[in-house]
Amino acid sequence: MSTDNTVDLKIVEEPKRPLAMHPKKFGMWLFMASVMMLFMALTSAYIVRQAEGNWVYFELPSLFYTTSVIIILSSISMQWSYNAAKKDNTSYSKIMLLITSLLGFGFLIGQFFGWKQLVTGNIYLVGNPSGSFLYIITGLHGLHIVSAIVFLLIMLNAVYTGKVDSKNMTKMEMCTTYWHFLGGLWLYLFIFLLLYR
Amino acid sequence: MAHDTHTHDEGHGHEHHGNFWTTYIFSEDHKVIAKQFLITGMAWALLGGILSVIFRLQLGFPDANLSWLKPILGGWLTAEGKIDPEFYLALVTMHGTIMVFFVLTAGLSGTFSNFLIPLQVGARDMASGFMNMLSYWFFFISSCFMFTSLFISTGPAAGGWVIYPPLSALPQAISGSGLGMTLWLISMALFIVSSLLGSINYITTVINLRTVGMSFSKLPLTIWAFFLTAIIGILSFPVLFAAALLLIFDRSFGTSFYLSDIYIGGEALPNQGGSPILFQHLFWFLGHPEVYIVLLPALGITSEIIATNSRKPIFGYKAMVGSILFIAILSFVVWAHHMFVTGMNPFLGSIFTLLTLIIAVPSAVKIFNYVTTIWRGNLRFTPGMLFSLGLVSFFLTGGITGIFLGNSAVDIQLHDTYFVVAHFHLVMGSASFFGMLAGIYHWFPKMFGRMMNEKLGSIHFWITFIGVYMVFFPMHYIGIAGFPRRYYTWTNFETFSGFADLNFVVSVAAIVTLGAQFIFLFNFFYSMFRGRIASANPWQSNTLEWTTPRNPGHGNWPGEIPTVYRWPYDYSKPGAKEDFIPQNIPFSETPESNLPHENELIKLEGVEGNAIVVEEKKH
């Protein structure tokens, strides 16, 4: 609603113009910063707790490797969709967005079966904190993926109804950024969990 | 309490477009939202104050029969007319929670960041009015949960506002750790959402929506303070969320993040492998920055009010910005000074001692700058100014005791005594509260278009100021003697009986101080409708909000948003016709007072036509 305020910015002295970013996009970045802090807190807690001993060691579910590949692929398709929308290639953008959403669902299903693998390995939510942490961290990340999939579906609807084109890219850009962020976040968490098992 | 909010809110607000609901209740206008935060915050402050007086009754008059309070407290009084010991703990807990989060975080930042950011940076409204509205309503729902918890049969949360596990994690430990604690956690989760929505909006608005010419070096110090407060909020509240989330899992789903080897009522709990210290780390990683979330806005407000009412430029503008920034950074690396006695490594303790003591440097810079701003100024003792000066006083007296507490060795004696209570109530509680009151007195004319009564304001100030010192100064002595905080009674210990008279003085002072707040409440609501009509700029102040009409409508300025040419502190500039030059007056209009380098800037004022259009697209 406030884009009109940024558009007619003029400068008076020095070429010190205010940051040229769309306020909503900027807000998105701040939101991602707070999400990042949430996971930093959890991973720091993980390290602190682990250092105190009485820590059960176990193998991470092998499915997490697969889901990592899935989420990387989904990031690529998301980027393709974004690039296509930017070139007004709507039909291609649609397909890629659809693929991204499906891959996102695939990721969630993969994570869920990863949990099942954990259960077969006798690692439950209730028990030694090492297992509990794994469930909480992956679960919380999964919840964010759910929110991103909702965003994707909203964008899918927007692309189908023709609300996205090379001139209306703000939301598409925000969606892409968020999706990449969550993908990157997963890779961080996965590598972290591998290193601090 | 919380219900009063909109009934009070109906009376004011200026827009007459849209219906009642969109204008006063679900408004997206930052000024209305600010007032909603203010009224809700005031309701909470009153409640928090009343709770504190109830437990002061117990401490000051341990033998009194309180059965006359039966109509209010009901079952929380024992048969002998005394406060139930567990309810005492609940009172302390709720007082802390309400004051720290609901009054001094939401009530202070929520009110003044919302009200002042768009007005002072020259924006029509917040970056996202809708998110801003959500921020208030999340806060409101959060308030409802917390308020409800006061009335349940097991009582509200009673584990202290820091909710340390295992006490808070085990419903069988204390009755307040049952449903009351659950409601506390739900309420705080919603509160965190509200706070994050607000902070995102504040930062975005400050960075993206400044008016033409409003560079960062021309921002009023209020905005700097709100801006950095919001950044601290964004980085620290998610950590509290993480801590609370793990606690919820421990409480409700049987995990053992914070629990290990616990026997309760002779029975061993199954939880193994948790660490209660982990919670303290997570909690204080928020908890310490939270202190500055509470304090920085008050310091920003004070900077503005002191400069205006001393009719002098703020002394050391850049040093002020630098010290706020430095405090904000340091606030993230000192959290373990709350945990010196948890058995942490003494070497780590000395590192945190060092980092903690460094905070004294920027704080001292701020106090020095306040004093030098006042020095030889044409002081005007408006209520806002009085409360600002009160803040400086509390910030100094409370801050000095922080130097003692920050030492890990001294803290072994002083931790969790009334010395700590005295320290933080002065430096963070009372100082921020005075900042909030100062802000209300100062910006009331812009909020409601009328003036508050100055005489009543002065009376309010003097009673509160003396009262606060009467309450918290004796506490230092009680604390040095080793009297622990949160204790229901000390009569079992012969050592502490000697402090009965001091505690009596403290309690009487607390009651009088609370009483004085009703003068303020009367003044506030009376002036809202019957106060003297304010002019557009009653304090002859420089910042942009005073260039708006008496009752700024939606969009704040009827015409174009003013352009900013100068910093906000051109008070009593030598040669100038008046003792203030607002930010929107170009240097070309004030040749008599310009400095040589400012004359250079006149040339640049002409290029206004060559707008540099900010790119909308990719960045």
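Mentor: Helices are DSSP runs of H or I with at least four residues, numbered from the N terminus. Please keep in mind that this is a predicted model. With those labels, B:Pro166 is placed in the loop between α6 (129-149) and α7 (179-208) of chain B.

Trainee: Which peptide bond there is cis?

Mentor: The bond that runs from B:Pro165 to B:Pro166 is cis, and its omega is near 5°. The loop between α6 and α7 of chain B also holds B:Ile163. Although B:Ile163 is not a glycine, its phi is positive, about 35°.

Trainee: Is B:Ile163 buried or exposed?

Mentor: A residue is called buried when its relative accessible area is under 20%. The value for B:Ile163 is 2%, so B:Ile163 is buried. Consider next B:Arg376, which is likewise not a glycine and has a positive phi of about 60°. B:Arg376 sits in the loop between α12 and α13 (383-405) of chain B. Exposed residues have over 50% relative accessible area, and B:Arg376, at 75%, therefore counts as exposed.

Trainee: Why are α9(B) and α12(B) described as roughly parallel?

Mentor: Angles under 35 degrees count as roughly parallel. The axes of α9(B) and α12(B) cross at roughly 15°, and the two helices are therefore roughly parallel to each other. Their crossing is left-handed.

Trainee: What should I look for in a salt bridge?

Mentor: Side chains of opposite charge can pair when their charged atoms come close. A search of the whole structure finds seven salt bridges over all chains. One of them joins B:Asp416 and B:Arg485, whose closest N and O atoms are 3.5 Å apart. B:Asp416 lies in the loop between α14 (408-414) and α15 of chain B, and B:Arg485 in the loop between α16 and α17, so this pair ties together parts that are 69 residues apart in sequence. B:Asp416 is partly exposed, at 37% relative accessible area, whereas B:Arg485, at 15%, counts as buried.

Trainee: Which residues are linked in a network of salt bridges?

Mentor: The network links B:Arg566, B:Asp570, B:Lys573 and B:Glu598. Within it, the side chains of B:Arg566 and B:Asp570 meet at 2.7 Å, N to O. B:Arg566 is buried, with 1% relative accessible area, and B:Asp570 is buried with 6%. B:Lys573 forms a salt bridge with B:Glu598, and their closest N and O atoms are 2.7 Å apart. B:Lys573 lies in the loop between α17 and α18 (596-605) of chain B, while B:Glu598 is in helix α18, so the pair ties together parts that are 25 residues apart in sequence. Both B:Lys573 and B:Glu598 are buried.

Trainee: Where on the chain is B:Asn453 placed?

Mentor: B:Asn453 is in the loop between α15 (418-448) and α16 of chain B. B:Asn453 has a relative accessible area of 37% and is partly exposed. B:Asn453 and B:Gly531 are 78 residues apart along the chain, yet their C-alpha atoms are separated by 7.1 Å.

Trainee: Which residues form the nonpolar patch on the surface?

Mentor: Among them are B:Trp462, B:Met470, B:Phe504 and B:Val512, and the patch has about 740 Å² of accessible area together. Two helices of chain B, α16 (454-480) and α17 (500-530), each supply at least two residues of the patch. The largest share, five residues, comes from α16(B). B:Val512 lies in helix α17 of chain B and, at 46% relative accessibility, counts as partly exposed.

Note on methods
Residues numbered from 1 in each chain as written. Chains lettered and ligands numbered in written order. Predicted model: local features only at pLDDT ≥ 70, side-chain atom pairs only at ≥ 80, totals over all residues. Heavy atoms only, no water. Patch = residues over 30% accessible without salt bridge, like charges linked within 9 Å, V, L, I, M, F, W, Y side chains within 5 Å. Areas by Shrake-Rupley, 256 points an atom, 1.4 Å probe, with all protein chains shown as cover. Salt bridge = Lys/Arg side-chain N within 4 Å of Asp/Glu carboxyl O. Buried < 20%, exposed > 50% of the residue type's maximum accessible area, 1.4 Å probe, protein only. Axes fitted to C-alpha atoms, helices over the stretch in contact; angles between N-to-C directions. Parallel < 35°, antiparallel > 145°, perpendicular 65-115°, else oblique. Left-handed = near helix turned anticlockwise from the far one by under 90°.
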